Amino acid sequence: MHPAAYPQAAQVGRRWYEIVSLGGIGLLCVAASVPTARRLGTALAATWLPAALLGLTLLTAAAQRWLLVTNIELIHFPQFALISVLFLAAGVGPRTAWVLGSLAGLLDETYQHLVIYADRSDTYFDINDILLNAIGAAWGGLLSNFAAGA
């Protein structure tokens, strides 16, 4: 369905589920980051990584507020983070992994629009999903750098 069919856009769904799941995911990420941050010590404070983590966190929160139509779309973040991590594991650099992960998201949305939903008039090419895919791919690269102590 078109987002105009949802007057409250990102508020559709189970509000408490969204609050608990996003808060829980955030707390789990912070809890998982603490041992790594301790291990990295003061070296972490001297890098670009904390600012990048904060910026991407704010971008993700803004996307959740203004781009998501239903809460199931949260799957874009871990799905394309994983794709980005797989590109990193294949030996490409973080920026290239993000670009390739984002391109994979563009290809996925194009395929959905042109093939899967080709016969349906109530669907559209979803730019929001492409942005969510790119944010997810960025998380994959950034968290991999964080875990590696880059």
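A residue is called buried here when its relative accessible area is under 20%, exposed when it is over 50%, and partly exposed in between, with a 1.4 Å probe and protein chains only. The structure is a predicted model, so local features need pLDDT of at least 70 and side-chain atom pairs count only at pLDDT 80 or more, while totals for chains, interfaces and linings use all residues. Residues are numbered from 1 along each chain as its sequence is written, and side-chain values use heavy atoms, with hydrogens and water left out.

The overall picture comes next. The protein chain has 6 helices and 0 strands, where helices (H or I, at least four residues) and strands (E, at least two) are DSSP runs numbered from the N terminus. Read along the sequence, that gives the pattern α-α-α-α-α-α. Of the 150 residues in the protein chain, 28% are buried. The accessible surface comes to about 9300 Å², and carbon and sulfur atoms account for 70% of that; areas come from the Shrake-Rupley method with a 1.4 Å probe, and for residues only the protein chains shown count as cover. A contact means heavy atoms within 4.5 Å. Among contacts between residues at least 6 apart in sequence, 77% join residues at least 24 apart.

Helix H4 covers residues 76–89, which makes 14 residues, and reaches 20 Å from its first C-alpha to its last, close to the 20 Å expected at 1.5 Å a residue. The expected span of a helix is 1.5 Å times one less than its number of residues. His76, Phe77, Phe80, Ala81 and Ser84 are the buried residues of H4. Seen down the axis of H4, these buried residues fall within an arc of 115°, so they line one face of the helix; the arc is that of the directions from the helix axis to the C-beta atoms. On the other side of H4 sit Leu82, Leu86 and Ala89, which are exposed. Just after the helix, Gly91 takes a positive phi of about 105°.

Ser84 has a relative accessible area of 0% and is buried. Not counting residues up to four places away in sequence, Ser84 touches Ala97, Trp98, Ala137, Gly140 and Gly141. Val85, also placed in H4, is partly exposed at 31% relative accessibility. With neighbours within four places left aside, Val85 is in contact with Gly140 and Ser144. Val85 and Ser144 are 59 residues apart along the chain, yet their C-alpha atoms are separated by 7.0 Å.

Helix H5 spans residues 94–116. At 1.5 Å a residue, the 23 residues of H5 should span 33 Å, and the end C-alpha atoms are 31 Å apart, which agrees. Within H5, the residues Ala97, Gly101, Ser102, Gly105 and Glu109 are buried. Leaving aside neighbours within four places in sequence, Leu100 is in contact with Phe87 and Val92. The C-alpha atoms of Leu100 and Ala134, 34 residues apart along the chain, are separated by 9.5 Å.

Leu100 also belongs to a nonpolar surface patch, together with Trp98, Val99, Leu103 and Leu106, and the group has about 400 Å² of accessible area. Patches are made of residues with over 30% relative accessible area and no salt bridge, with like charges joined within 9 Å and nonpolar side chains (Val, Leu, Ile, Met, Phe, Trp, Tyr) within 5 Å. Leu103, another patch member, is partly exposed at 46% relative accessible area.

Back to Asn133, which lies in helix H6 (residues 127–148). Beyond the residues up to four places away in sequence, Asn133 touches His76, Phe80, Gly105 and Glu109. Asn133 and Ala104 are 29 residues apart in sequence, and 8.4 Å apart in space from C-alpha to C-alpha.

As for charged pairs, a search of the whole structure finds 1 salt bridge, meaning a side-chain nitrogen of Lys or Arg within 4 Å of a carboxyl oxygen of Asp or Glu. Asp122 forms a salt bridge with Arg120, and the closest N and O atoms are 2.8 Å apart. Asp122 is partly exposed at 37% relative accessibility, and Arg120 is partly exposed at 45%.
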